[in-house]
Amino acid sequence: MSEPILELRHVSKVFTQRPDLIERAVNLVSRKHPSAGVHAVNDVSLTVQAGKVIGIVGESGCGKSTLARIVAQLIPATQGEVLYRGQNLATLDATSRRRMALEIQMVFQNPFASLNPRKRVADIIMEAPLVHGITPARERESRLAELLSMVGLDMSAAQRYPHQFSGGQRQRIGIARALAVKPRMLICDESVAALDVSIQAQILNLLMDLKEREQLTYLFISHDLGVVEHICDEVVIMYLGRVVEQASTEDIFSQSRHPYTQALLSAVPRIEDGKRDYQPVQGEIPSPLNPPAGCHFNPRCPHVMPRCRVDVPLLREVMPRHTAACHLNDLSLAR
Ligand code: SF4
């Protein structure tokens, strides 16, 4: 087995908002404690082997993008450790940390919003490698040509501005910018979600080609299990900040052990099974400000039991290399 490139150990992120004057006065009069904040990511542990594609899946608000930003060192974790290539990034000095953090790059959902509209493509792509001394100034043009070619563009793109490109081409520019600093890991945060289906397929194929060519590892953040099935080795399912199931892609699709994963799967149209009708996940995702007690999924779960409204189900191994957090698994394990 290859070495882990990334390890998350009990990582949590809590966003707190300072109460305004009125809220503080109300809390004082009613002797209420101020809100403990939003637990956007709650005790997530994860090991990523080099060269793998790990899908992180869940609906909006499940914490997957916050987790991505913690791994990319864009925001700090409130608790827990992020180990990249065996090093706890939080304990490194600023220079070493910046150097290692450059090896983890993000490709964002909206390429238009993430590209500076006032800069030419050449400057967008080459700014970071020049500033960080990764590419010498004398090699700027040759490296730019190489990067554009790697993403299926040519040097005619170099002097143009982002608005002169289609959505798919802009995403290629975003990928070239990420590759420019020679990363080992790419975090694709809903990177194809805003694209038409045919363009999605082209960008996914490009990402898979680049993975082989550049020996990359991917964290692939998505709400779409259909996309994840085609490119991921393993899948992590998140719900309201917690990991509820984690297994190989094959196991997730063939023998899921969590009702939320099963609900997400039933929402995926599958032509090969002749399945034309599909059911969206029932009910609304609860507010993370006031999540349900016990299992967070209990208000939407078709199998809810009294215990689910009180006890938090722990994430534990239900089969080799397959973990799930659901009390139903205790019943089947006890049989
Ligand atoms: Fe449903 Fe209970 Fe399992 Fe939660 S713990 S997913 S509510 S059966």
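**Entry 1: the largest pocket**

I began with the lining of the largest pocket, which by class has 11 nonpolar, nine polar and six charged residues. For these classes I count Ala, Val, Leu, Ile, Met, Phe, Trp, Tyr, Cys and Pro as nonpolar, Asp, Glu, Lys and Arg as charged, and the others, Gly among them, as polar.

A word on the source before I go on: this is a predicted model, where local features need pLDDT of at least 70, side-chain atom pairs count only at pLDDT 80 or more, and totals for chains, interfaces and linings use all residues. Residues are numbered from 1 along each chain as its sequence is written, and side-chain values use heavy atoms, with hydrogens and water left out.

The volume of the largest pocket came out at about 650 Å³. Of its 26 lining residues, S45, V243, Q246, L315 and T323 are the closest to the centre. I then looked up which elements give two or more residues to this lining, and found β2 (38-49), β10 (242-248) and β12 (322-324). β2 gives the most, with seven residues.

My terms here: on a 1 Å grid over the protein atoms alone, a pocket is an open set of points with protein on both sides within 12 Å along at least five of seven lines, while a cavity is a set where a 1.4 Å probe fits but cannot get out; lining residues have an atom within 4 Å of a point. Points are joined across faces, edges and corners, and a volume is the space filled by probe spheres set on them. Strands are DSSP runs of E, at least two residues, numbered from the N terminus.

**Entry 2: the cavities**

I found two cavities of 30 Å³ or more.

Among the residues that line it are Y239, R242, C295 and H296. β10 is the element that gives the most here, with three residues.

**Entry 3: strand β7**

Is β7 buried or exposed? Five of the five residues of β7 (residues 185-189) are buried, so the strand is largely enclosed by the rest of the structure. Buried means under 20% relative accessible area, with exposed over 50% and partly exposed in between (1.4 Å probe, protein chains only). In a regular strand the side chains alternate between the two faces of the sheet. I checked both faces of β7: M185, I187 and D189 lie on one side, L186 and C188 on the other, and all are buried.

Next, its partners; two strands pair if DSSP finds at least two bridges between them. β6 (residues 104-107) pairs with β7 in the parallel sense over four bridges, and Q105 has L186 as its bridge partner. β8 (residues 217-222) also runs parallel to β7, joined by five bridges, with M185 opposite T217.

**Entry 4: the open sheet**

I traced an open sheet of four strands in the order β2-β1-β4-β5, with antiparallel pairing. β2 and β5 (87-88) stand at the edges with a single partner strand each, so one side of each is left without a neighbour in the sheet. Between β1 (residues 4-15) and β4 (residues 79-84) I found five bridges, and R9 stands opposite E81.
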